[in-house]
Structures are given as structure tokens and as C-alpha cells.
Amino acid sequence: MNFKQLEYFSAVAEAKSISRAARILHVAQPPISRQIALLEDELGVCLFLRNNKGVELTEAGRSLYQQSQHMFQNFQMMIDSVRDVNEGFRGLLKIGIIYSNIPVVMGYLREYHEKYPHVELYVRLGSPKDLLDDLNKGNLHVLFLRNPTEEISQLHEKILGEDPLELVMSRELDPAPELDTIPIEALEGVPMCLLRSDDMWGYSSHLINECQRRGFTPNTVCQCYDTPMAMQMVQAGFGISYLPRSIVETQPNSNLYTKQLKGVTARSYPMLVWSGNIYYANCVMQFISMFQDQKEPGKEG
């Protein structure tokens with residue numbers, strides 16, 4: 001088994017087609033097919049099942065793919081680390097951020113950039129699932145997500161603070177403009193733009209459960225796939241939403257603001273997530289170390 005064979009194997013696994021992998025790698029198909037056949041002969045297993053659409057990984061193929069990804073990640077981190085030594089403190093820090101964490105993250109990025117100006121920052125905004133997939137593949141080094149979620153149980157995490165969940169609204173749709181906090185009963189019949197029912201963070205289900213305890217179900221006029229869309233719908237006047245308070249900072253020139261639900265306490269916890277199974281370059285480790293000595297907030301109430 002050699003590095004080139006694993007590179008070809010991984011490309012075919014991701015493209016699900018030898019011809020597509022060949023185009024991506026700018027290599028003819030026969031050398032790829034030959035190297036995969038040699039790899040299967042050496043391991044004594046079948047790595048792919050051929051079908052009319054291309055190829056699919058066998059169970060043995062999935063195991064090899066997962067382990068080879070860790071090897072590629074560690075190989076790239078080794079290269080980055082050696083370059084750090086040779087070039088001074090340089091490198092590339094690849095960060096994934098969910099939309100609601102933008103206000104939380106900017107201060108940390110500014111602090112890091114001022115300290116290490118020669119480290120290039122690659123910043124990607126995305127959904128939690130897509131970002132976690134890219135972290136596991138080694139395409140991102142760290143993520144800024146929200147707690148809790150079961151999908152990060154195999155990763156390291158550091159909670160960065162508390163962010164209360166509040167109603168996000170415009171003045172035109174404020175159900176109690178004369179009050180600083182909104183009684184939950186005032187939401188009956190009010191149009192709501194909530195995150196979809198399978199939302200990873202459970203914001204909407206928490207609100208719906210509280211409303212149903214008071215004897216009514218919220219008037220959901222729109223289920224939004226993600227937080228940016230919920231904010232756009234609120235901004236457009238479709239209804240109000242229920243999200244972390246800091247999210248209004250993502251639209252500083254809008255007419256949106258938040259109010260607490262009277263008697264309802266719920267919090268979201270911004271956090272940093274990274275893998276413990278990868279050898280990271282110095283520039284990545286320095287970024288992670290910025291957070292490791294911070295005291296985590298209490299989660300009482």
C-alpha cells in the first residue's frame with residue numbers, strides 16, 4: 001500500500017465514479033483502476049461495489065476511507081508545522097462558523113489576527129451538519145457551534161459564554177410594545193417564523209412546549225431551514241422568531257430587537273469545537289489555546 005493508491009482510492013470514494021475521479025485528478029482512468037485493483041489484492045478485500053451509476057464503498061472500503069482521511073489530515077498538519085518552523089509563525093487557520101455565532105466570533109478573530117498577522121484566516125459560514133462533516137474530513141480545523149448537540153460527542157468542545165433565547169421582532173409585530181418582557185400568553189395568534197422541527201439546537205421545540213403548557217399552540221406561518229432565513233423572514237414582516245439574543249447584532253442597521261419571555265428562562269451556549277485525533281499545526285494550536293484557560297459559565301437555571 002502506498003500514498004498514491006490511497007489518494008486514488010479516496011478520490012473515487014468521494015466522486016463515486018472512477019471517470020469523475022480521473023477528471024478531478026487529471027489522470028487517465030486505467031492507472032486509477034489498476035492501482036485500486038492492486039490495493040484490493042494486497043488487502044484481500046473488495047473495496048467498491050460496481051453499479052450502473054458508478055461505484056459504492058463496501059464495509060471494508062468505508063473503514064479504509066475513514067482511516068485514510070485521518071492519515072491525510074495528519075500528513076497535511078505535519079507539512080504545516082514544518083513550514084511554521086521554517087517561515088516563522090505562519091500558516092493557514094480554517095474556521096467554520098454558524099450564522100448565530102458571528103457576533104461572538106469576531107472579537108476572537110481580531111485578537112488572534114493582531115497577535116499573529118501572518119497567519120491566513122479561512123472562514124466559512126455554514127450549517128452545523130455541513131461544518132461538522134468538513135471538520136471530520138479535515139477541511140476545517142475548528143468550529144464555532146452552539147451547545148447542546150449529540151453530534152459532537154466524539155470531539156473536544158469549549159463553552160464560551162451564555163446567550164439567552166429571546167423573541168426577535170420588529171416594532172410593527174411586537175405583541176406587547178408597552179412592556180419590557182412579553183407574557184407568553186401574549187403570543188397566542190401572533191405569527192411566528194420558527195426554525196424547522198428538526199432544528200439541532202431545539203429552540204423552536206422549547207418555545208412550542210412552553211406555549212402548549214399554557215394551553216395554545218403558536219401560530220407558525222413559516223418554518224425556516226436555518227437562522228439566516230428566520231432573520232430574513234422577521235425582517236420582511238412575516239412574523240417574530242425565537243433565537244439567541246446576540247443574533248440581532250448580525251443585522252446592526254435593521255429595525256429588529258429582542259425581548260425576553262416573562263417567566264421563561266432558556267439559554268444557548270456558543271462553543272468552540274475541534275478534533276482530538278489530529279496533529280494540528282502550531283497556528284491552530286495557538287488559536288485553541290486562547291480558549292482553554294477560560295472558565296466555562298455556569299449552566300444553572
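Let's start in a loop: Gly-161 lies between β6 (156–159) and β7 (163–169). This is a predicted model, and in it Gly-161 counts as buried, at 16% relative accessibility.

**The loop glycine**

- Gly-161 is called buried because its relative accessibility is 16%, and buried means under 20%.

**The protein as a whole**

- The C-alpha trace spans about 75 × 50 × 35 Å along its principal axes.
- Of the 301 residues, 47% count as buried.
- Take the contacts with a separation of 6 or more: residues 24 or more positions apart account for 75% of them.

**Aromatic pairs**

- The count of aromatic pairs comes to seven.
- In one of these, the rings of Phe-144 and Phe-287 have their centres 6.1 Å apart. Their planes are at 85 degrees, so the pair is edge-to-face; the cut-off for that label is over 60 degrees.
- This pair links distant parts of the chain, with Phe-144 in strand β5 (residues 142–147) and Phe-287 in helix α9 (residues 282–292), 143 residues apart.
- Are these two phenylalanines buried or exposed? Phe-144 is buried, with a relative accessible area of 1%, and Phe-287 is buried too, with a relative accessible area of 0%.
- Phe-144 also pairs with Phe-291: the ring centres are 5.9 Å apart and the planes are at 70 degrees, so this pair is edge-to-face as well.
- Here again distant parts of the chain are linked, from Phe-144 in strand β5 to Phe-291 in helix α9, 147 residues apart. Both Phe-144 and Phe-291 are buried.

**A charge over a ring**

- Arg-196 has its charged end over the ring of Tyr-225, at 4.2 Å from the ring centre.

**Where helices α2 and α3 pack**

- Helix α2 (residues 18–25) packs with helix α3 (residues 29–43) at an angle of about 115 degrees, and their axes are 9 Å apart.
- The crossing of α2 past α3 is right-handed.
- Which residues make the contact? From α2 come Ile-18, Ser-19, Ala-21, Ala-22 and Leu-25, and from α3 come Gln-29, Ile-32 and Ser-33.
- By type, the residues of this contact divide into five nonpolar, three polar and no charged.

**Two loop residues with positive phi**

- Lys-16 has a positive phi of about 60 degrees although it is not a glycine. You will find Lys-16 in the loop between α1 (3–15) and α2.
- Lys-16 is exposed, with a relative accessible area of 52%; the label needs a value over 50%.
- His-26 is not a glycine either, and its phi is positive at about 60 degrees. The place to look for His-26 is the loop between α2 and α3.
- His-26 counts as exposed, at 74% relative accessibility.

Definitions and conventions. Residues numbered from 1 in each chain as written. Predicted model: local features only at pLDDT ≥ 70, side-chain atom pairs only at ≥ 80, totals over all residues. Heavy atoms only, no water. Phe/Tyr/Trp six-rings, centres within 6.5 Å; stacked < 30°, edge-to-face > 60°. Helix = DSSP H or I, 4+ residues; strand = E, 2+ residues; numbered from the N terminus. Buried < 20%, exposed > 50% of the residue type's maximum accessible area, 1.4 Å probe, protein only. Lys NZ or Arg CZ within 6 Å of the ring centre and 35° of its normal. Axes fitted to C-alpha atoms, helices over the stretch in contact; angles between N-to-C directions. Left-handed = near helix turned anticlockwise from the far one by under 90°. Contact = heavy atoms within 4.5 Å. Nonpolar A, V, L, I, M, F, W, Y, C, P; charged D, E, K, R; others polar.
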